[in-house]
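Biologist: I have the model open and would like to know where its labels come from. Could you take me through them?

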Amino acid sequence: MLPTEKIEHKFYQILGKLFYAVAMADRNVRPIEVEKLREDVRKYWLDVDDVEDEFGTDAAYQIEIVFDWLQQEEKEAGSYWKEFEHFYREHPSKFNMPIKQLIWRTADDIAASYAHKNKSELILLAKLKGLLL
């Protein structure tokens, strides 16, 4: 795998961690949040680029794979936010305006999918918006 391909895969994996952090902000990932993530991946993320994994599958599915894996781990969301923030600062070229808008849309969709947004989700969304601006 070429170094640029590794960054592409890491990009999608880190998005899975970010979206897990949003869903887990209230310490509980609900099925509707998972459903919304899957819907947004198919609706928006599959068309972002032509990067595939080693099995020939669209690399954007890494978002779901990582999200699912983290659900099984049942860990706190804070460290995953920090990982996203670090990756964002280390690879600013990966985050053009359309990507930032997709990130925001997906995070916002996840947070709003269950009984609207609670205080924990609003705080994390505010941090995300501040970072993306």
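Biologist: Happy to start with charges: which residues are linked in a network of salt bridges?

Modeller: The network links Arg38, Arg42, Glu64 and Asp68. Before we go on, this is a predicted model, in which local features need pLDDT of at least 70, side-chain atom pairs count only at pLDDT 80 or more, and totals for chains, interfaces and linings use all residues. Residues are numbered from 1 along each chain as its sequence is written, and side-chain values use heavy atoms, with hydrogens and water left out.

Biologist: What makes Asp68 and Arg38 a salt bridge?

Modeller: The term asks for a side-chain nitrogen of Lys or Arg within 4 Å of a carboxyl oxygen of Asp or Glu. For Asp68 and Arg38 the closest N and O atoms are 2.8 Å apart, so the pair meets the definition. Asp68 lies in helix H3 (residues 61-73) and Arg38 in helix H2, so the bridge ties together parts 30 residues apart in sequence. Helices here are DSSP runs of H or I with at least four residues, numbered from the N terminus.

Biologist: How many salt bridges are there in the whole structure?

Modeller: A search finds eight. In one of them, the side chains of Glu83 and Lys17 meet at 2.5 Å, N to O. This pair links distant parts of the chain, with Glu83 in helix H4 (residues 78-90) and Lys17 in helix H1 (residues 3-23), 66 residues apart.

Biologist: Why is Lys17 called buried, and why is Glu83 called partly exposed?

Modeller: Buried means under 20% relative accessible area, exposed means over 50%, and partly exposed is in between, using a 1.4 Å probe and protein chains only. Lys17 has 15%, so it is buried. Glu83 has 29%, so it counts as partly exposed.

Biologist: What about Glu85 and Arg89: how far apart are they in helix H4?

Modeller: They are four residues apart, about one turn of the helix. Their side chains also meet in a salt bridge (3.2 Å, N to O). At 23% relative accessibility Glu85 is partly exposed, whereas Arg89, at 55%, is exposed.

Biologist: Now to the helices: what makes H2 roughly antiparallel to H5?

Modeller: The axes of H2 and helix H5 (residues 97-112) come within 8 Å and cross at roughly 155 degrees. That makes H2 roughly antiparallel to H5, because angles over 145 degrees count as roughly antiparallel, under 35 as roughly parallel, 65 to 115 as roughly perpendicular and the rest as oblique. Axes are lines fitted to C-alpha atoms, for helices over the stretch in contact, and angles run from 0 to 180 degrees between N-to-C directions.

Biologist: Which residues make that contact?

Modeller: From H2 they are Glu33, Lys36, Leu37 and Asp40, and from H5 they are Arg105, Thr106, Asp109 and Ile110. Contact means heavy atoms within 4.5 Å.

Biologist: Is Asp40 buried or exposed?

Modeller: Asp40 is buried, because its relative accessible area is 1%. Leaving aside neighbours within four places in sequence, Asp40 is in contact with Trp45, Arg105, Thr106 and Asp109.

Terms used. Helices (H or I, at least four residues) and strands (E, at least two) are DSSP runs, numbered from the N terminus.
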